[in-house]
Amino acid sequence: MNQVNYQKELEKILNTLQEKGEAASDYRPPRLFLHSCCAPCSSYCLEYLCRYFLITVFYYNPNITPETEYTKRVKELQRFIHEAGYEEDVTFVEGDYDPQVFFDMARGMEDLPERGLRCYHCYALRMEEAAKKAAEMGADYFSTTLSISPHKNAQWINEIGEKLADKYGVKHLPSDFKKKGGYLRSIALSEEYHLYRQDYCGCVFSK
């Protein structure tokens with residue numbers, strides 16, 4: 001079975017949206033509910049997607065410990081949105097922070113290696129909350145910044161997204177944001193805005 005090129009799938013959607021925008025004077029961009037893991041990963045994704053969508057950035061990461069680390073990442077993302085000039089176009093929403101939700105999910109998988117099944121379920125945990133909130137808010141699409149990382153499995157992320165789209169009735173925006181220089185651009189933006197680039201994914205197991 002051929003692996004799906006999710007970047008090309010994304011480009012098809014974006015090209016269609018661009019054509020609609022050019023064809024209609026009263027065109028209103030669709031609303032995207034974008035789960036964010038951190039400021040560096042969000043930097044390129046916002047730069048790339050803002051021309052096509054009205055974006056709500058959703059920060060939901062109960063996997064992150066300790067709480068001081070979680071708070072640092074929240075503030076850094078808010079600082080980036082402000083300093084990059086996105087505040088008029090991007091809405092920021094913070095989800096509930098309850099690390100016990102993550103530990104309950106990870107029970108029995110504590111000793112699994114990084115990038116294994118525990119990580120799959122961690123993606124699913126965060127993306128499901130995003131899909132649910134996207135549906136509640138009437139968003140047209142939901143997605144996540146997670147696929148920009150070379151350490152994250154884009155195929156898993158998109159497969160989870162498609163299942164959640166069916167479950168919650170909101171379209172999943174496919175992505176492999178690391179492609180076409182996306183990851184490198186996120187590094188450049190991180191340097192430009194002096195963003196805190198954490199040295200572990202967030203959970204105690206990755207640390």
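In what order do the five strands of the open sheet run, and is the pairing parallel or antiparallel? The order is β3-β2-β1-β4-β5, and the pairing is parallel. Two strands count as paired if DSSP finds at least two bridges between them, while helices (H or I, at least four residues) and strands (E, at least two) are DSSP runs numbered from the N terminus. Strands β3 (90–94) and β5 (171–172) sit at the edges with a single partner strand each, so one side of each is left without a neighbour in the sheet.

Some housekeeping before going further. This is a predicted model, in which local features need pLDDT of at least 70 and side-chain atom pairs count only at pLDDT 80 or more, whereas totals for chains, interfaces and linings use all residues. Residues are numbered from 1 along each chain as its sequence is written, and side-chain values use heavy atoms, with hydrogens and water left out.

Strand β4 (residues 141–144) pairs in the parallel sense with β1 over four bridges and with β5 over two. Tyr 141 takes part on both sides: Leu 32 stands opposite Tyr 141, and in β5 the bridge partner of Tyr 141 is Lys 171. In a regular strand the side chains alternate between the two faces of the sheet. In β4, Tyr 141 and Ser 143 point one way, Phe 142 and Thr 144 point the other way, and all are buried (buried is under 20% relative accessible area, exposed over 50%, partly exposed in between, with a 1.4 Å probe and protein chains only).

Helix α5 (residues 117–137) lies across β1 (31–36), β2 (54–59), β4 and β5, running at about 155 degrees to β1. Axes here are lines fitted to C-alpha atoms, for helices over the stretch in contact, and angles run from 0 to 180 degrees between N-to-C directions; contact means heavy atoms within 4.5 Å. Met 127 and Ile 157 are 30 residues apart along the chain, with their C-alpha atoms separated by 8.5 Å. Ile 157 belongs to α6 (residues 154–168) and counts as buried because its relative accessibility is 0%. Leaving aside residues up to four places away in sequence, Ile 157 touches Tyr 123, Met 127, Thr 144, Leu 146, Ser 147, Lys 152 and His 172.

The largest pocket has a volume of about 580 Å³. On a 1 Å grid over the protein atoms alone, a pocket is an open set of points with protein on both sides within 12 Å along at least five of seven lines, and lining residues have an atom within 4 Å of a point. The lining comprises 28 residues, with Ser 149, His 151, Lys 152, Tyr 200 and Cys 201 nearest the centre. Helices α2 (39–49), α5 and α7 (182–192) each supply at least two lining residues, and the largest share, five residues, comes from α5.

Thr 65 and Pro 66 are joined by a cis peptide bond, with omega at about 0 degrees, and Pro 66 lies in the loop between β2 and α3. Arg 115, in the loop between α4 (99–106) and α5, has a positive phi of about 75 degrees although it is not a glycine. Lys 180, in the loop between β5 and α7, has a positive phi near 55 degrees, and counts as exposed because its relative accessibility is 65%.

Note on methods:
1 Å grid on protein atoms, 1.4 Å probe; cavity = no way out; pocket = protein on both sides within 12 Å on 5 of 7 lines; lining within 4 Å. Points joined across faces, edges and corners; volume = space filled by probe spheres on them.
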